[in-house]
Amino acid sequence: MKNRRGESMRDDIKTPDYYLENMPLAYCTVKVVKDKNGKASDLEIIYSNKAHRKMEGVQSDTLTGKRISQMFKEEYRKWMPYFADTASSGTAHTISHYMSRMDRHFLLCMYQLEEGICGCVFQDITPGYGSRDKTMQDHEKLDFLLGTTTDLVFEYNSRTDMLTLVGGGYSRGDRRMITGFPQGLFEEGILRRKDEARLRTEVDKLDGRRQNIQFDIQACLSGDGTYRWYTVNCSEYAERFTGYRCVVGWIKDIEQQRQNRKMLEKDAMYDSLTDIYNMKTGKDLVAEWIRQKKPSSSHIMFLMDLDNFKNVNDTYGHHRGDEVLQQFARIVKGVFRENDIVYRMGGDEFIGFTKNVSMPEQAVERIMKSLYQKMEKESGLGVSCSVGVFVTDRVCSYQHLYRMADQALYEAKRAGKNRYQIIREYEQPEETSP
């Protein structure tokens, strides 16, 4: 064979091995080694060119058969996900890395030769690294911002069906690569199956128009089985040349915020002294039930007032008065059903509201008997109670309910206290015997 000048050329110069062996860039071919569970655990060098052997400072053929974990003890765990992905899916990856033992910066460019085998080119970028200082500083600032405002950033590529999770400071953050979205998240235990439908509903809102969606979901990112609340913010775009769908976004831990919000909501709904509903919450719940009242069902309002409670405060002090109110609130909660509405109007005045009562007369008798029995058994309570009871099957306003119960309470107080009085108001008058 001759060149254009008519000179003879060696046939072996045409072989691929010749070009790889004499290529000025360091190159090696590696095979993915799997553990007993079939997962990629290491890389074995099956070919190394001159530049690569020179970079490692060794002689010919001494690298073949060596494991990457032996040569790069610090680096290989970070490299493994990329090599494993390239070897299995054919996706090429390029990563930058600083090798401290050489004090050099390299770009590692990996590509698939066949399934399970990768080619890797090492490009020394140390000479031009100084000109990248400004860029690196910008990356560090971005890392700091992400690290302090988010817990993870992520990217999903539909072409590879690969989801990459990176710690908040993304350029040096730990990476976790998961195959399959969203199935991989459930298989890895990051999300629970019960949230699958909700996750799909949220993700379906993405339509490639770069709009953002945000939603909250529970996830286990620590690996210890503990699920915490996170906010997910993401958007979708199409790759410029391939058109494949990509989703990028960030994840923020909001567990403490939700705990604080629940505490604030409880504080807003409950009376701080007695730990039952406060007046506003109680009135809102009663009014809401009235709007949804079932036909032909009765409801009852009990307005309870402690007799001579002022004497407790005057004689024993407000601390003892608070204890009496707390004791009475516990009694009232025990008397009414779980789905009844019990709340403190203020001072020593409490309300119990029962809904959908089929036999109101018997219900009033049962509740009042239980109330007075429990008050007698409560040691050291030292007060009695008068109760105004309003029974009706009509749809009426909250104000009317309270006004009639208050009128019944006034009559009970006037009759001598420590008793209850009933006012009835039915849609159809009760039948009376002739």
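## A salt bridge to start with

Lys-205 and Glu-202 form a salt bridge, with their closest N and O atoms 3.1 Å apart. Glu-202 counts as buried, because its relative accessibility is 12%.

Keep in mind as you look around that this is a predicted model.

The whole structure holds 21 salt bridges. One of them pairs Asp-271 with Arg-344, whose closest N and O atoms are 3.2 Å apart. Asp-271 lies in the loop between α8 and α9 and Arg-344 in strand β13, so this pair ties together parts that are 73 residues apart in sequence. Asp-271 is buried at 14% relative accessibility, and Arg-344 is buried at 13%.

Now look at α10 (residues 309-316) and α11 (residues 318-335): their axes come within 7 Å and cross at roughly 140°, which makes α10 oblique to α11. On the α10 side, the contact involves Phe-309, Val-312, Asn-313 and Tyr-316; on the α11 side are His-318, Arg-320, Gly-321, Val-324 and Leu-325. Five of these contact residues are nonpolar, three are polar and one is charged.

Arg-320 also forms a salt bridge with Glu-323, at 3.2 Å between the closest N and O atoms. The two are three residues apart in helix α11, so about one helical turn separates them.

## How confident is the model?

The average pLDDT of the chain is 84, and 86% of the residues score at least 70. Over residues 1-10, however, the pLDDT is below 50, and over residues 430-434 it stays under 50. Where pLDDT is low, the predicted coordinates should not be read in detail.

Methods:
Residues numbered from 1 in each chain as written. Predicted model: local features only at pLDDT ≥ 70, side-chain atom pairs only at ≥ 80, totals over all residues. Heavy atoms only, no water. Axes fitted to C-alpha atoms, helices over the stretch in contact; angles between N-to-C directions. Helix = DSSP H or I, 4+ residues; strand = E, 2+ residues; numbered from the N terminus. Parallel < 35°, antiparallel > 145°, perpendicular 65-115°, else oblique. Contact = heavy atoms within 4.5 Å. Nonpolar A, V, L, I, M, F, W, Y, C, P; charged D, E, K, R; others polar. pLDDT = per-residue confidence, 0-100. Salt bridge = Lys/Arg side-chain N within 4 Å of Asp/Glu carboxyl O. Buried < 20%, exposed > 50% of the residue type's maximum accessible area, 1.4 Å probe, protein only.
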